[in-house]
Amino acid sequence: MLNKIAGHEVDRRLLLKGAAAGGLGIAGATMLAGCAPSAAGPLSFGARTVDESPTKQLQGLVAAYTAKTGNEVAYNATESNAFQNNLSQYLQGTPDDCFQWMAGFRMQFFADQGLLVDLSDVWNEIGDQYNESYKIASTGSDGKQYFVPQSWYPWGLHFRKSMMAEIGLTPESINNWDDFMAALGELKGQGLIGLASADKGGWEAMGTFDILNARLNGYQFHVDLLAGREKWTDDRVKEVFRHWEMLLPYMNTNVLDLEWDGAMQLLLQKQAGFFFNGSWFGANFLEQSQEDYDDLWIVPWPEMNPDHGRDTIDAPIDGFCVAKNGANNAGGKDLAKFAGDMEGVQAMLDTGIPMTSANKGQDTSTYDAFQLQQLAVMNEAKYITQFLDRDTRPDFAGPIIGPAFQSWFKDPSSTNSILESLQSQWDALPALS
Amino acid sequence: MSQLKTAVTGTQKTRRRRFFSARDKVTLGFFIGVPTFLHIALVWFPAIATIMLSFTYWTGIRLEDIQWAGLANYENIFFNSPIFWDALRVNTIWLLWFFVIATPLGVLLAYQIDRQIRGHQFYQSAYYLPVVLSLAVTGIIWNFLLRPDGFVNGLLGLPIAEAISFFGDDRYNIWVIMIMASWRHIGYIMLLYLAGLKAVDASLREAASIDGATEWQTFLKVILGAMRPVNIIILVITIIESLRAFDMVYIIYGSSGGLPILGVLVYNNIAGEGASMKGAAYAVILFLLSIVPIIAYLNQQFKEDNN
C-alpha cells in the first residue's frame, strides 16, 4: 500500500488534504450519529439476570427495539452475582454494547475508570420524562450522565394480608418500634417467625442495617457514615446493633444458611410474618400464583426516633449503561435511549411482569394495588438511598462489611470489636484516585 | 543453506560425539522453546506480576492508576482483617483433618484392597467413584442434599425455618465441609497408594512373615519404607489439596464469608468491583504457606537419602 503510494508519487500535501477531509468526514458522521442516533448494525445486550420474570421483561424490550429499528440485538444473560464479580473484566474485554446495571456509586466507579459511554445527549432527549432525583442518580462524578434508569423498588416490611388478618394484626398501624416489637411478640406467640431474614449471600442484611441506621440516626448520619465522614465506632452505630439484637429472637435461626430467596420462601409458605426486602420479589410471588401476588403487601419500616420519623428509604434504581469497549457504541446508546423512552418502558410493561418504572410516563392508573402501595411507601420518604453496597466504596462493602455482618450474626455480643475492626479496615483503604 | 549443510557435516567429521543434526536442533529447540515460552508467559509472568502487584494499590483497571503501597496490603491483612485469621483457622483444620483422618483412611483402604479382602473390587470402585467428579460438582451434589430446602431436611420433614443449618451453623458447618471434601480425597489417596502397593516386591512381604512379623509390623516397618516415593507424593498432595481448597466452598457459599478460606479470600478481594491488590497479597501468602512446608520436607528427605 505504502509502496503503491510512493510509486505513484502522491503529493504529500494532497495526501494531508485528503486525510483532513476524511477526518472531517468521520467527525461529521459521528456528529450526525450524535444528533440523530438512527444507529444501524447488529448490537448486543447484556442482562444481569437469568431469572424467569425479568428475562421475559428484557426480552420484550429487546424485541420491541428490533421491531422498531430493524437492528438485530443479541441477548446475552449472566447470573447476577457472576455478572457483578466479572464486571471489571467484562468491561475491559469485549462487552455487550448495552448492559443492565445499577445507579449511584456502582455506576460512578466504572464511569470514573472511563469504561462507560457518556449518555448526556441521550438525557437531553429523554430527560424530561424523569424526575430530577433519577438524573442525579444517573450522573457520574464529572457531572455527565452515564446511566438510563429502568425501574426502582422500595425496601420495606412485606407481609401477607390474609395471614395478618387471621392472626388479628394490622401492620398498617405499626407506627413505632414498640408497636413493631409487640407485633413480633404476637407472631412468636403463635409459633411463627416474626421477621424472615437471610445473610448467606453476605448482602441481604445490609438492608436491615441501612434502615435501622436511617431510622435511629437519620439520613445525614447514614450517608456520612458510608462516605467515611463518620466513624463506625460511634455510639450511634452501636445503638443500631443494640436494636438489631432485639430483633434476633424473632428471626429464623438459620440466617446464615439462607439467601434472600430462602427467606422469601418463609413468607411464601406462611412460616414468617414479616420479610424486610426489596419489593422486586413480587414477581416471584406472581410466578407462584396470582393469588399469592394479590396477598402481598408492604408498609414502611416503623419509626424509631421521632426526630427522623419515616423519612428515609432504600429504593435502588436499576437501569442500563453503554460500554465504551463495546463494538457498537452508537447502537448501544440507541438501545439505552429506547429503553429509557416511554416507548421502551411500555414494551416492558406489556410483558405483564410487574414493574414500577422510573419513567414519569408510566401511568400510575395502570399500577396494580401492590405497586400503588410501593409508590405510597416510596412517596412517604423524603430521602432516598440506594443500598449499602451501592452507597459506599465497592472494596469496602463486599469484602469487608459483608463478612463483618455475618460474623456479627454468629456472635452478637462482639459488636464493639467488630465495629472497631470495621473502622480500622476503612482507615486502611487506599485513597480513591 | 547448502553452505550450512557442509559446515554441519564438517563438524560431524571432526567431532565424533555428535548426536544432533541441525534439523534435530531446530526440532528440539521448537519443542523445548514453545512450551518454555508458554510456561513463562502463562505461569511465571502472572506469578511474578502477582507478587509485584501485592505491594501496590490498584483497582485492576487502568495501568496508570497503580500506586506503590509498600507492605500496606500485608499489614492490613495481618493486623486489620479478622477474616484472615478465621480463614487460616479453617484451612489449618482442613489440613489437620486431611492429615490425620482422610489420608490415613485412604491409605488403609488401599492396603485392605491390596490384600484382596472379600468384595475388594466393589469397595475399590465405590471409593473411587467420587474422584471422577470435580470438586465443584461434589459441592453441587452435597448442596442439593444439605441446604435448608434440600433432600435431607426434606426427608426429616423439617420446614425451612427449622431446617438443620448444615452450612450456616458454625458448630458443625466446617465438619460438614470436611466430610464432603474427604468423600473425594479418600478415594484419590486410595488410588495413588494402591498403585504404589502393587509395585512393592511380594518377596519383601514373604521375608517379613518368615521372620515372624505381624501384619501391622510388616506394614509399618517394611511396606511403608518401601513406599517412600509414594508417601512423599501423598504428603505433598495432602498439603496442596487442603490449602488450595476453593471450588467446593465457592459453590456453596459464593464469595461471601460464610465459611472463610484463603482461596475464597483471594478471589473475593481481586474479583468484581471490589478489586484491590489485597487479593494479590492473599495469593502470595497462600503460595508461601503451600510451598514452604513442602520445600522443607523435601529438603530433609533428600538429605536423608544422601546419608
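User: What makes a residue pair a salt bridge here?

Analyst: A side-chain nitrogen of Lys or Arg has to lie within 4 Å of a carboxyl oxygen of Asp or Glu. In this predicted model, the rule finds one salt bridge across the interface of chain B and chain A.

User: Why is the pair B:Asp170 and A:Lys410 called a salt bridge?

Analyst: The closest N and O atoms of B:Asp170 and A:Lys410 are 3.5 Å apart. The cut-off is 4 Å, and the rule asks for Lys or Arg with Asp or Glu; the pair therefore counts as a salt bridge.

User: How do you know what area is buried between chain B and chain A?

Analyst: Buried area is the accessible area lost on putting two parts together, summed over both. For chain B and chain A this is about 3,100 Å², with 49% from carbon and sulfur atoms. In chain B, the residues that lose the most area to chain A are B:Ile61, B:Ile160 and B:Glu273, together 24% of what that side buries.

User: What makes 40 residues of chain B count as being in contact with chain A?

Analyst: Contact requires heavy atoms within 4.5 Å. By that cut-off, 40 residues of chain B are in contact with 41 residues of chain A.

Technical notes:
Residues numbered from 1 in each chain as written. Chains lettered and ligands numbered in written order. Predicted model: local features only at pLDDT ≥ 70, side-chain atom pairs only at ≥ 80, totals over all residues. Heavy atoms only, no water. Buried area = accessible area lost by both parts, 1.4 Å probe.
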